[in-house]
Amino acid sequence: MTAVPAAQPRVAFTDEMKAEFKALLGDRFTTAAAVREHHGKDESYHPNFPPDGVAFATSTEEVSAIVKLCAKHKLPIVPFGTGTSLEGGVAALAGGVCIDVSGMKDILRVSPEDLDVTVQAGVTRKQLNEHLRDTGLFFPIDPGADASLGGMASTRASGTNAVRYGTMRENVLGLTVVLADGRIIKTGGRARKSAAGYDLTRLFVGAEGTLGIITEVTLRLYGIPEAISSAVCPFADIRGAVDTVIQTIQSGIPVARIELLDEVQMDAVNKYSKLDYKVAPTLFFEFHGTAAGVAEQAEMVSAIAGENGGTEFTWATRPEDRSKLWQARHDGYYAALALRPGSKGWPTDVCVPISRLADCILETKKDIADSSMLAPLVGHVGDGNFHLVYVIDPDKPEELAEAKRLNDRMVDRALAMGGTCTGEHGIGYGKLEFLEKEAGAAFAVMGELKRAFDPDNLMNPGKVVRV
């Protein structure tokens with residue numbers, strides 16, 4: 001189990017404080033145990049650290065008022081969107097107040113001619129795409145969970161489409177942020193480029209709520225492709241599948257998604273989603289473009305796959321078939337847990353340069369094979385990112401210890417290969433020690449930035465940096 005960092009001394013939450021929050025928010029502030037428990041844990045294996053109270057905000061101005069009240073009493077502040085983070089990012093390590101922005105669901109502006117949109121932080125990616133359905137536009141970042149867009153910006157999320165469309169880093173144009181003293185600032189703008197001043201937008205994208213609370217997000221949009229086609233291709237071995245990915249990227253083929261599922265994960269997906277694909281290392285592809293362009297991309301990738309031991313492609317061109325395929329991929333985490341009823345998942349990820357991807361995956365798979373651990377592997381391998389889910393009995397300390405040993409080895413391996421400790425899960429407090437190792441002297445600079453923005457260490461203390 002990851003050691004819990006010392007966030008800061010806990011401030012006693014008094015009845016007088018509760019009365020002030022109630023006066024501000026009425027029934028939208030609660031100290032009910034069930035609500036606090038719900039807001040103290042994300043989707044990870046990390047334990048529950050509930051806040052002292054939960055404030056449900058509906059506007060930027062209200063978030064500002066809540067933050068000012070917290071600052072007055074030196075209460076820690078933890079932002080909460082949908083709770084789908086994976087490294088303990090929502091845990092209230094020092095208590096305090098959780099600010100839930102899930103009710104901030106207004107789509108404030110859509111500009112089809114400029115290909116951009118501004119939304120409140122609680123809008124989810126599915127809600128946005130449903131709203132855009134009749135405009136011919138879509139927002140492509142797809143981390144699997146129907147996460148809030150504010151949370152996705154805060155964790156610098158990506159997902160299956162990142163190989164073509166990039167991550168939240170490339171797709172956030174501007175933000176509205178509430179700082180630790182309650183000030184409201186706007187960063188960036190709607191221009192497609194700017195050389196004006198510090199890039200504060202990129203500073204808050206990925207800060208995981210440690211520098212301020214994102215309340216509004218301006219995002220890039222894209223035209224829905226004329227043609228979309230998906231395919232599944234099994235391989236004789238992992239190396240053949242990964243070599244196919246590397247050669248596809250190096251050939252400049254603009255594939256939209258390339259997902260790798262190892263044989264363990266494919267078995268889990270078949271059982272959970274009632275599919276009948278071959279139990280073998282498998283690539284899921286998706287191609288976007290004109291009908292002719294998609295056909296050309298598919299032909300080129302099929303040839304590359306064939307040279308690397310890929311067998312027959314199974315195609316999904318109808319929207320309902322594509323949806324079923326990608327839903328099965330997104331349900332991979334729950335499929336893995338279903339292999340061992342009553343288990344819990346320890347999800348983790350790393351990202352390496354694609355030239356080192358095969359070596360990193362094969363060495364990681366060997367570690368798993370040499371242990372007793374069940375750990376299906378999936379990956380957004382088009383950008384060098386892959387994931388494991390250690391399927392464990394949380395009541396057996398020896399399994400937690402083995403998962404930690406394997407995870408430490410995998411992260412150290414990725415760093416040695418010029419990679420990163422996390423491609424998209426973020427740091428939270430679960431990977432704080434790895435970030436310190438990865439960043440070196442820059443880690444201390446991150447701490448200096450944190451103190452400059454948040455001198456009292458109120459914003460999501462204990463996460464990302466040490467203060």
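Author: Take α11. Its buried residues are Gly293, Val294, Gln297, Ala298, Val301, Ile304 and Ala305. Buried means under 20% relative accessible area, exposed over 50%, and partly exposed in between, with a 1.4 Å probe and protein chains only. Seen down the axis of α11, these buried residues fall within an arc of 130 degrees, so they line one face of the helix. The arc is taken from the directions from the helix axis to the C-beta atoms. An α-helix has 3.6 residues a turn, so residues three or four places apart point the same way.

A word on the basis. This is a predicted model: local features need pLDDT of at least 70, side-chain atom pairs count only at pLDDT 80 or more, and totals for chains, interfaces and linings use all residues. Residues are numbered from 1 along each chain as its sequence is written, and side-chain values use heavy atoms, with hydrogens and water left out.

Now the other side of α11. Ala292, Glu299 and Glu307 are exposed there.

The buried residues pack against α6 (162-165), β12 (227-234), α9 (238-250), β14 (282-289) and β15 (314-316). Contact means heavy atoms within 4.5 Å. Helices (H or I, at least four residues) and strands (E, at least two) are DSSP runs, numbered from the N terminus.

Next, length. Helix α11 covers residues 291-307, which is 17 residues. At 1.5 Å a residue it should span 24 Å, and its end C-alpha atoms are 25 Å apart, which agrees. The expected span is 1.5 Å times one less than the number of residues.

After α11 comes Gly309, with a positive phi near 90 degrees.
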